[in-house]
Protein chains: 2
Amino acid sequence: MERRRFLLGAAGAGVGAVGLSAPAIAQGAKYRWRLVSSYPKSLDMFFGAAELFADNVREATEGNIDISVYAAGEIVPAAQGLDAVSDGTVELCHTASNHYIGKDPTFAFGTTLPFGLNSRQQDAWLTEGGGQELLDKFYAKYNVRSFPCGNVGAQMGGWFRKEIKSIEDLAGLKFRIGGLAGQVIQKLGVVPQQIPAGDIYPALERGTIDAAEFVGPYDDEKLGFNKVAPYYYYPGWWEGNSTITLFMQSAIWDELPPHYQAIIKLAAARVNEWMQARYDDRNPAALRRLVAAGVQLRAFPDDMFEAGFTAAQEMFDEIAAQNADFKEIYDHVIAYRQQQYSWWQFAEHKYDDMMISALRRRR
Amino acid sequence: MERRRFLLGAAGAGVGAVGLSAPAIAQGAKYRWRLVSSYPKSLDMFFGAAELFADNVREATEGNIDISVYAAGEIVPAAQGLDAVSDGTVELCHTASNHYIGKDPTFAFGTTLPFGLNSRQQDAWLTEGGGQELLDKFYAKYNVRSFPCGNVGAQMGGWFRKEIKSIEDLAGLKFRIGGLAGQVIQKLGVVPQQIPAGDIYPALERGTIDAAEFVGPYDDEKLGFNKVAPYYYYPGWWEGNSTITLFMQSAIWDELPPHYQAIIKLAAARVNEWMQARYDDRNPAALRRLVAAGVQLRAFPDDMFEAGFTAAQEMFDEIAAQNADFKEIYDHVIAYRQQQYSWWQFAEHKYDDMMISALRRRR
């Protein structure tokens, strides 16, 4: 239905672009927009975040801003959401900015960086530390502005068919991992593989690949990786947080009345908090079920983390030497990371540390 | 000015209660409400959160909901905000629910519990884990409903004139600490003291007290405690997070049109995220300045944390045995805490742990 509506109504873009009056679209809305999600409906947390954003905006504007949400592939493929907003095909997309590092590695910062900030630190950097302004200066080249609109938190390191006891076990390992993380881990001897989510399970089962990273317990459980790769490693040091971004056409934003701009900002912030809270709420039970099903939890060896950190730093320095946009944001976020962890190690980290110990002693 | 306006306009309450047309109040607003903050303007993060909430609501409603924010003492004393909302004197307050444990210890849960959840876990519990519904069921007795509207994160343990090397050093120690935390720490031999913020410095200077806890680096720095008590301990295990609550008269909420309800919810969620992000952004620099000024950072000894944990558990069990409301929420949040930390120890905690180590090695 939604796909059909799009096909019929796709001739124009911008305000009132959808030419059909369909039940899902409010009568008399002042703005009718299309939002393309980079995710399938089966990833209910990611796709649901975009729907929640649309619902919140619709409610708060008495239906005056009516946003239809489309799953990956319905209008454009998953990794072309930004392009569709940038060229005016749709008004909005909900995506991970690091899907677009092929255009420019500077797109990584909006999502996360290997060995980057954790979820709260990323929020602080974006909203209070100047990060958002730096990103939007860069995004202006693509005619879009951005709002952090969801976070996964620190991800797991993925599913491995065999144990990894030291960095030497990584030599020649075929690991499904993409983006900058794949480029970093390649320096440790891994052979990174880019495989769509739906093809991971059979590849692991057949042994075409040795390991695969995806998200965390809640999403991973659905794909059943534990049946074919029993070792579940942590942490995913390439994603200490993973921010999802709402991109909007700059021209549409600029012409919006201030009260609608305010509502868009509030709704994005609400979804940003909601998605993290919902993952935090849902991950524990999913992990418990996985462990009950025989999953073996393992921490990555320290030498892998250390070597990865050094490799990442070298790679980022190389990119920064050639890319002024990257360098500007990289220097900013790396200084911020240093300040953040200098403080974080005390009240926050020690509190968690003591709580984890105290609860373990009482098990 | 604001005080005078209140004194003149205080005759009625509810919609349009403020009888004067003052420049700060939008002409033609459909709702004119008063919000009492439990904090002075000098605590700019706490007071500023209430102002940001009011600003966001005003913007998003085109001025149709116009909220005037009053500091502690302007309409009612700091710890009577809830009463003022409950009895209809004002429409809203922004306060810590645990200011009201004198009425019922069940008010503690909306803020935090000694050895309770961390900031993200509290968000998850409230918004996705069923915590908010439990709290609002209890708050209904007071004719209010609540919205989480700010968080401080894990607090510091406070300022000590002498080092605390083991739990034995706590015997007879006069420590400025209030609420349930004071009752717990009393079981460890401490003599808890309740002293207003403005009187802490002279009491520490004269040695009338031996130690004092307040908030964290950003707020503590302003009061200059480091000059009279050089040891700065962490973590404040009585406040692994500290949620600030927006309370609203239930009757006003119930009569609001859905789009205004939606905006109130979004604005509170935005402020909830903002306050945590801003503390996370501002604390590192404040701590750096404090350390540069000679402050000695110390972790509380493990035996104190362990003994405190046991003492808290005993105390909570005693309260729960006598208070059904307390018991219902206590059982829920304690089970939630167990689930949360069972997961938290892996991806989130290990990521931070490895990052802290890696950055230390590179200093």
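What radius of gyration would a compact globule of 363 residues have, and what does chain A have? A compact globule with 363 residues would come near 21 Å. Chain A has 21 Å, which agrees. The model is predicted.

## Chain A overall

The secondary structure of chain A consists of 13 helices and 11 strands. Its C-alpha trace spans about 60 × 45 × 40 Å along the principal axes. Of the 363 residues in chain A, 62% are buried.

## Surface and charge of chain A

Chain A exposes about 12900 Å². Carbon and sulfur atoms supply 49% of that area. The chain carries 36 positive and 44 negative charges.

## Thr111(A): a buried loop residue

Thr111(A) sits in the loop between β3 (92–95) and α4 (119–127) of chain A. Its relative accessible area is 0%, so Thr111(A) is buried, the cut-off being under 20%.

## Helix α5 of chain B

Helix α5 of chain B covers residues 131–139. It is largely enclosed by the rest of the structure, because seven of its nine residues are buried. Those buried are Gly131(B), Gln132(B), Leu134(B), Leu135(B), Asp136(B), Phe138(B) and Tyr139(B).

Which elements do the buried residues of α5(B) pack against? Two are helices of chain B: α4 (119–127) and α12 (324–344). Two are strands of chain B: β4 (144–151) and β10 (243–249).

Asp352(B) belongs to helix α13 of chain B, residues 347–361. Is this side chain buried or exposed? Asp352(B) is buried, and it has no salt bridge. The nearest side chain of opposite charge is that of Arg120(B), 7.1 Å away.

Asp352(B) does meet residues of chain A. Leaving aside neighbours within four places in sequence, its contacts are Asn118(A), Tyr341(A), Trp344(A) and His349(A).

Technical notes: Residues numbered from 1 in each chain as written. Chains lettered and ligands numbered in written order. Predicted model: local features only at pLDDT ≥ 70, side-chain atom pairs only at ≥ 80, totals over all residues. Heavy atoms only, no water. Helix = DSSP H or I, 4+ residues; strand = E, 2+ residues; numbered from the N terminus. Buried < 20%, exposed > 50% of the residue type's maximum accessible area, 1.4 Å probe, protein only. Lys, Arg positive; Asp, Glu negative; His and termini not counted. Salt bridge = Lys/Arg side-chain N within 4 Å of Asp/Glu carboxyl O. Contact = heavy atoms within 4.5 Å. Rg over C-alpha atoms; globule rule 2.2 N^0.38 Å. Areas by Shrake-Rupley, 256 points an atom, 1.4 Å probe, with all protein chains shown as cover. Charge placed at Lys NZ, Arg CZ, Asp CG, Glu CD.
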